[in-house]
Each structure stands twice: as structure tokens, then as C-alpha cells.
Amino acid sequence: MKFQGTSSYIATQDLMLAVNAAITLKRPLLVKGEPGTGKTMLAEEVAQALNMPLLQWHIKSTTKAQQGLYEYDAVSRLRDSQLADVDGGERVKDIHNYIVKGVLWQAFTAEEPVALLIDEIDKADIEFPNDLLREIDRMEFYCYETREWVRAKNRPLVFITSNNEKELPDAFLRRCFFHYIKFPDAATMQQIVDVHFPGLKSELLAAAMKTFFDVRGLPGLKKKPSTSELLDWLKLLLAEDISAEALQTKDDKVAVPPLVGALLKNEQDVSLFEKLVFMQSRNR
């Protein structure tokens, strides 16, 4: 299996090398990068390109590692035991009926190899990665309720994303192949835009790209606009029929662009940007 990118996802050469290295080593691919750089979409596109089903586990602050393996629904079993006369209690006798299989169990027991996305692992508590060490490394776990080992029939292709909100344990990192998705340069960004807006006029594209990178380059921003925000902004510019001239100033200085709320997502950044434009206007 080799990943060579797709028509709908612009993957740089080093990103494709990282995916293929993880496949060769049979290790999870740990992907970090700014929010909006396509970490989650990478797993979706690789699964599609390699014709593999994709299982997704989106991590929250309350997520526990056990939920990825299985959960025992004791409440349902107790309720069914109280209604045992409905089917003679046959369902209650089999504990397998009350085991809720998590995504890891599903991935391990799939008849064909699958891709597995563990999305935003750094949202969970610090013990979460440690609790998955054995399962990720040895591809097996023990179900105490049914007294059985669940072992992977086929090793899944595992993608793990992180936004760097928390440091991950060294023991966990050692079991992964790591790649940091750098923010796209102007040429790569133009390729990404061309995929999503193939008919975009070159004048509008050039003006929008300059404005976008000017905004990103502003020092002191709390949250720099990302690729996904650029695409949202371009969609709005087209919907509102905004011209290239509306994005430019005669002296080629930074100006507050139309629909700036698609790029800047908090009041501090908007205020900072407006102050910069004001100071430039006074220095003309």
C-alpha cells in the first residue's frame, strides 16, 4: 500500500512519505499541526485512496480509554433481568448481549484491514495515551466480563491527531511515527484553493491570497486564520460577489477586508488588526 495523494487533498511530498513510513513500520501515525491544516481530513483521504473503511473516534475531555475498547452495560442487564419473563431470561444469561464494542474492538475484529482515526487525543486527560499503550503496541486487549482476549485479525492503519494542547507521554510517542503538518506556503495554498474553487478568477485569487497572508503575518494575533478559514472566506467572497478591487488599496497597504469575521475569530485580534490599519492610515 502506497499513499500518493488524491485529487481532493493536496498532500506535500514529506506528508506522503510520513504516511507510507507509518504503513511500512506498522505504527500509528501521530499528526500534529495548527487547527485547520487538514489533520482529520488526512485520515479520510488516505482511507479513501487505499480503499479501506474508516472508523473514527473523536476524543472529548471526558473520554476514557476503556470506551475505545468496550463498555459493559450493567444497567440494561439489570433492567432485563427484572423483565425476565418476557423471553424466559435467555437474553440476560448471555453477557455478550451487554458488551458495547468500541472502535478499537471493531477495528481489531474487522475481516478486512481498516483505517482508524483517533482524533484530538490531547483533549483527554494525561493518562489517556498511557492507558492505550498496550493496545496500540500489541494490538490486543482482554475483556474481563467475557473472559476473552480480543486480538487484531488485521493490523489497522491508525491515525492519531493532536493540536498540542497537552504534552503526550514519551512512552506513547515512542510507539508512533510522528509528522508535523507545516502551514502551507503560498504555492501549496494556491493548489489547495484550485481544488476547491477551480473557476476562481486569477485577480480575485491573487488579491485574496495577499490579504490572507497579510492577516496571518500580523504579529500578536491570538489565533491566526487557517486553511479552512481561507476556504470559508473565499466561499463568502464569491457568494457576495466581492471584487478583487474591494480587497486592495491604492497604495497596497493592509486594509480591513470584507467579511473579516471569517478570518479572525475573536475580538482581540479584530481590534489589533483595526489598530494596525488605523496607524498605517495616519502615516500616509
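**Figure 1. Overall dimensions of the predicted model.** The protein has a radius of gyration of 24 Å, but a compact globule of 284 residues would have one near 19 Å. The radius is taken over C-alpha atoms, and the globule rule is 2.2 Å times the number of residues to the power 0.38. Along the principal axes, the C-alpha trace spans about 85 × 45 × 35 Å. The protein has 13 helices and nine strands. Helices (H or I, at least four residues) and strands (E, at least two) are DSSP runs, numbered from the N terminus. Of the 284 residues, 43% count as buried. Buried means under 20% relative accessible area, exposed over 50%, and partly exposed in between (1.4 Å probe, protein chains only). Among contacts with a separation of 6 or more, 74% join residues 24 or more positions apart. Contact means heavy atoms within 4.5 Å. This is a predicted model: local features need pLDDT of at least 70, side-chain atom pairs count only at pLDDT 80 or more, and totals for chains, interfaces and linings use all residues. Residues are numbered from 1 along each chain as its sequence is written, and side-chain values use heavy atoms, with hydrogens and water left out.

**Figure 2. The largest pocket.** Its volume is about 600 Å³. The lining holds 33 residues, and Tyr9, Gly36, Thr37, Gly38 and Lys39 lie nearest the centre. At least two lining residues come from each of α1 (13-25), α2 (39-49), β9 (177-181), α10 (186-196) and α12 (227-239). By class, 13 are nonpolar, 13 polar and seven charged. Ala, Val, Leu, Ile, Met, Phe, Trp, Tyr, Cys and Pro count as nonpolar, Asp, Glu, Lys and Arg as charged, and the others, Gly among them, as polar. On a 1 Å grid over the protein atoms alone, a pocket is an open set of points where a 1.4 Å probe fits, with protein on both sides within 12 Å along at least five of seven lines; lining residues have an atom within 4 Å of a point. Grid points are joined across faces, edges and corners, and a volume is the space filled by probe spheres set on the points.

**Figure 3. The second largest pocket.** This pocket holds about 180 Å³ of space. Of its 13 lining residues, Ile23, Lys26, Arg155, Pro156 and Leu157 are closest to the centre. α1 and β8 (157-162) are the elements that give two or more residues to this lining. Ten lining residues are nonpolar, none polar and three charged.

**Figure 4. Phenylalanine 108 in helix α6.** Phenylalanine 108 lies in α6 (residues 103-109). It counts as buried because its relative accessibility is 1%. Beyond neighbours within four places in sequence, its contacts include Glu135, Met139, Phe141, Val150 and Pro156. Its C-alpha atom is 14 Å from that of leucine 132, 24 residues apart along the chain.

**Figure 5. Helix α11.** The 15 residues of α11 (residues 202-216) should span 21 Å at 1.5 Å a residue, and the end C-alpha atoms are 21 Å apart, which agrees. The expected span is 1.5 Å times one less than the number of residues. Buried residues of α11 include Leu204, Leu205, Ala208, Phe212 and Val215.

**Figure 6. Two loop residues with positive phi.** Most residues other than glycine have a negative phi. Glutamate 120 has a phi near 60 degrees, a positive value. Glutamate 120 sits in the loop between β5 (115-119) and α7 (127-131). Arginine 147 has a positive phi of about 55 degrees. Arginine 147 is in the loop between β6 (140-143) and β7 (148-151). Its relative accessible area is 67%, so arginine 147 is exposed.
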